[in-house]
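Subject: Structure handover

Hello,

Here is the structure I promised to pass on. Please open it alongside this note. My findings follow below.

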Amino acid sequence: MNFELSEEQRLIQDMAYKFALKEIAPVAKEYDAQEKYPREIVLKAAEVGLVGPTIPEQYGGPGYGFVEQDLIMEQLARFDLGIGQAIEGAAFGSQNIVFFGTEEQKRKYLPVLVSGKAIAAGAYTEPDAGTDVAAARTKAVKDGDDYVITGNKIFITNGTVCDFMIVFCLTNPDAKVKHERHSLIIVE
């Protein structure tokens with residue numbers, strides 16, 4: 001098995017390193033001291049293709065794999081883990097849209113993430129369920145064309161800065177298979 005990086009992967013890694021050196025290193029302490037979300041840096045990262053790296057090309061993303069995503073994060077984190085996570089997490093939950101979203105949802109939400117014009121959040125974890133998503137009890141009940149969501153979520157990545165979030169909800173409580181009881185709902 002060959003574990004060497006491809007030429008493209010080395011270029012991606014180098015680009016991420018140079019970006020972090022130029023854009024993150026000079027301001028990392030300032031952002032940390034102010035506990036400020038680095039929106040300006042996320043926008044700059046989007047301009048060079050570092051936001052939403054696994055988003056497919058047809059939706060504006062570079063269409064990289066998870067190895068390339070990890071190479072990017074590794075280089076950003078060399079200079080500041082918090083800012084690196086803000087860049088990496090700006091498209092948090094986008095894989096759910098890529099894998100399970102409708103074509104309309106993909107065209108609406110993915111390009112704005114890649115461009116940095118929007119920040120996504122993922123509301124998955126609950127106080128009494130933790131990481132056992134099958135035990136999630138936040139409910140979504142259909143009301144006409146909408147859903148009414150009730151329940152509690154914690155540890156919502158980007159919850160205070162997002163433009164929309166993907167919420168994991170109980171929508172089919174009577175399903176025989178435990179993992180078929182839930183849905184993901186995009187909440188703007």
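This is a predicted model: local features need pLDDT of at least 70, side-chain atom pairs count only at pLDDT 80 or more; totals for chains, interfaces and linings use all residues.

**Helix H3**

H3 itself covers residues 39–47. Its buried residues are Ile41, Val42, Ala45 and Ala46. Look down the axis of H3 and these buried residues fall within an arc of 145 degrees, so they line one face of the helix.

**H3 against H5**

The H3 and H5 axes come within 9 Å. They cross at roughly 55 degrees. Angles from 65 to 115 degrees would count as roughly perpendicular, and those under 35 as roughly parallel. H3 and H5 are therefore oblique to each other. The crossing of H3 past H5 is right-handed.

Which residues meet there? On the H3 side they are Ile41, Val42 and Ala45. On the H5 side they are Ile83, Ala86 and Ile87. Ile41, Val42 and Ala45 also belong to the buried set of H3.

**Cysteines**

How many disulfides does the model have? The count comes to zero. A disulfide needs two cysteine sulfur atoms within 2.5 Å. For Cys162, the closest cysteine sulfur is in Cys169, 14 Å away, which is too far for a bond. Cys169 is likewise in no disulfide, with the sulfur of Cys162 as its nearest cysteine sulfur.

Are these two cysteines buried or exposed? Cys162 is partly exposed, with a relative accessible area of 22%. The cut-off for buried is under 20%. Cys169 is buried, and its relative accessible area is 0%.

**Val67**

Val67 is partly exposed, at 47% relative accessible area. The cut-off for exposed is over 50%.

How far is Val67 from Leu5 in sequence and in space? They are 62 residues apart in sequence. In space, their C-alpha atoms are 9.5 Å apart.

Best wishes

Terms used
Residues are numbered from 1 along each chain as its sequence is written. Side-chain values use heavy atoms; hydrogens and water are left out. Buried means under 20% relative accessible area, exposed over 50%, partly exposed in between (1.4 Å probe, protein chains only). Helices (H or I, at least four residues) and strands (E, at least two) are DSSP runs, numbered from the N terminus. The arc is that of the directions from the helix axis to the C-beta atoms. Axes are lines fitted to C-alpha atoms, for helices over the stretch in contact, and angles run from 0 to 180 degrees between N-to-C directions. Angles under 35 degrees count as roughly parallel, over 145 as roughly antiparallel, 65 to 115 as roughly perpendicular and the rest as oblique. A crossing is left-handed if the near helix is turned anticlockwise from the far one by less than a right angle, and right-handed if clockwise. Contact means heavy atoms within 4.5 Å.
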